Amino acid sequence: MPNVAGTRASASDTHVQAPTGAQSKRSRIVSVDALRGFVMLLMLVDHTRELFYYHMQVSDPMALPATPPSLFFTRLTAHLCAPVFVLLTGLAASLYADSRGGDAGGDVGGGRTAASSFLLKRGLFLVALEVTVVNFAWSFDPTPAIVYLQVIWVIGLSMIALAALVHLPRIAVLVLGLAIVLGHNLLDPITFTPDQPGYVAWSMLHDRGFIDLPFGARARTSYPLLPWIGVIALGWSIGPWFARQVDRDVRCRRLMVTGAAALALFAVLRALNGYGEPLPWQAGATPLATIMSILNLTKYPPSADFLLLTLGIGMLFLAAFERTSARLNRVLVVFGSAPLFFYILHLFLLHGVNSLTGAVTGGAIKGLVSVPNVASIWLVAAAAAVPCWFACRWFGRFKRTHTGWWWRYL
């Protein structure tokens, strides 16, 4: 998954200057890249589950009677990925604006204009990438019957939306982001049938659906856009917390208080069992079953409860990575500083290895093979992470020593 650009470092010891050299033009914030790398590894586990546990796919929300706890919690860890990525994309956009001539928060001058231009171009690039390279990586079919519009697509469209929003006062962006994240479930009763004029737009904005394409295929809007505009707006809004003059302890306190507040609001809304999540929780036969029901939240589109839980945890993790050991951060930053490269690489690696194995052994489902248990999913993901780490390290070094404008898009 992509970030906006290399995120600029501050004087804090949780930030590090990129390797020096004639071509090195920016530094990166370690905590941001480390968190991004961490959720990318969780994403790797989830995509391993999808491709190597094909016989037991999960629904959204998950069907608890048919989902054992090990599979449930493996899937649950991946819920962090998209919200944290989109939040960090908004944060990186703010830092990009700052580095291009805005004030401490990128609020004035050429910073906003530069960020808006880059967000627009990068967003269009990601949308095109989703419907071509990413879809092919998932299907290995150059002419698929269904084109899936997933996370890269929605990040691209969120960036395009933010390209317009950055021209508003930051407080207005914050209020809009909160209103969307907390209020979009009020729109749940609104529905359109495929024969109604608003169906296509609503399928893209709020309800998952199939859209007929001119050449006979269909597009599946797996990630409705509207809630993610709210998340990226919140990421832009916290940009000033990472300004050079902000003390690390102050930043950590803000992140921890915000994360704790989000989790507290989640707890209140979920306890009331009304607004915030379309699927009510139910008391189970065991405490574990009850906990699973409470945490079984809707991701497509992400409910208000889903976003409060994942963004709250994400804020706490971001605060934690401000103070994590340098050794751990160095490992994670390799992934987090080359997110789009990693995203494409790991899809081709997982799908390619499984398809090759299936061709040799005779894959039972669509030519693919499935591992026998959930523990094997984690083992396969761990094995895949190793070559991906070395590849990302190579690409990071390559990118720092090459000046072509197109490298900014990878």
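1. Let's start with glycine 177, which sits in helix H6, a helix spanning residues 170-183. Please keep in mind as you read that this is a predicted model. Glycine 177 has a relative accessible area of 0%, so the residue is buried. Setting aside residues up to four places away in sequence, glycine 177 touches Gly230, Ala233 and Leu234.

2. Now for H6 as a whole. The helix has 14 residues and reaches 19 Å from its first C-alpha to its last, close to the 20 Å expected at 1.5 Å a residue. Which residues of H6 are buried? They are Arg170, Val173, Gly177, Ile180 and Val181. These residues cover an arc of only 95° around the axis, and therefore lie on the same side of H6. On the face turned away from that buried side you will find the exposed residues Ile171 and Val175.

3. The strands are quick to describe. Three of them form an open sheet in the order S1-S3-S2, with mixed pairing. Strand S1 (146-149) and strand S2 (210-212) are the edge strands, each pairing on one side only. On average, neighbouring strands of this sheet are turned by 25° against each other, direction ignored.

4. Isoleucine 146 stands opposite arginine 218 in S3, while tyrosine 148 stands opposite arginine 220 in S3. The covered face of S1 holds Val147 and Leu149, whereas Ile146 and Tyr148 are on the uncovered one.

5. Zooming out, the protein chain contains 14 helices and three strands. Of its 410 residues, 52% count as buried. How many of the contacts between residues at least 6 apart in sequence join residues at least 24 apart? The share is 72%.

6. On to the nonpolar interior. In soluble globular proteins, nonpolar side chains tend to be buried together. Here the largest nonpolar core has 111 residues. The residues with the most contacts inside this core are Leu162, Trp228, Val231, Phe242, Phe335, Phe342 and Tyr343. Take phenylalanine 335 as an example: leaving out residues up to four places away in sequence, this side chain's residue touches Gly37, Met40, Leu41, Phe342, Ala385, Cys388, Trp389 and Cys392. Phe342, in that contact list, is also one of the residues with the most contacts inside the core.

7. Is asparagine 354 buried or exposed? Asparagine 354 counts as buried because its relative accessibility is 0%. Apart from neighbours within four places in sequence, asparagine 354 is in contact with Leu51, Phe52, Gly367, Leu368 and Val369.

How values were computed
Residues are numbered from 1 along each chain as its sequence is written. This is a predicted model: local features need pLDDT of at least 70, side-chain atom pairs count only at pLDDT 80 or more; totals for chains, interfaces and linings use all residues. Side-chain values use heavy atoms; hydrogens and water are left out. Helices (H or I, at least four residues) and strands (E, at least two) are DSSP runs, numbered from the N terminus. Buried means under 20% relative accessible area, exposed over 50%, partly exposed in between (1.4 Å probe, protein chains only). Contact means heavy atoms within 4.5 Å. Two strands pair if DSSP finds at least two bridges between them. Axes are lines fitted to C-alpha atoms, for helices over the stretch in contact, and angles run from 0 to 180 degrees between N-to-C directions. The expected span of a helix is 1.5 Å times one less than its number of residues. The arc is that of the directions from the helix axis to the C-beta atoms. A nonpolar core is a set of buried Ala, Val, Leu, Ile, Met, Phe, Trp, Tyr and Cys residues joined through side-chain atoms within 4.5 Å.
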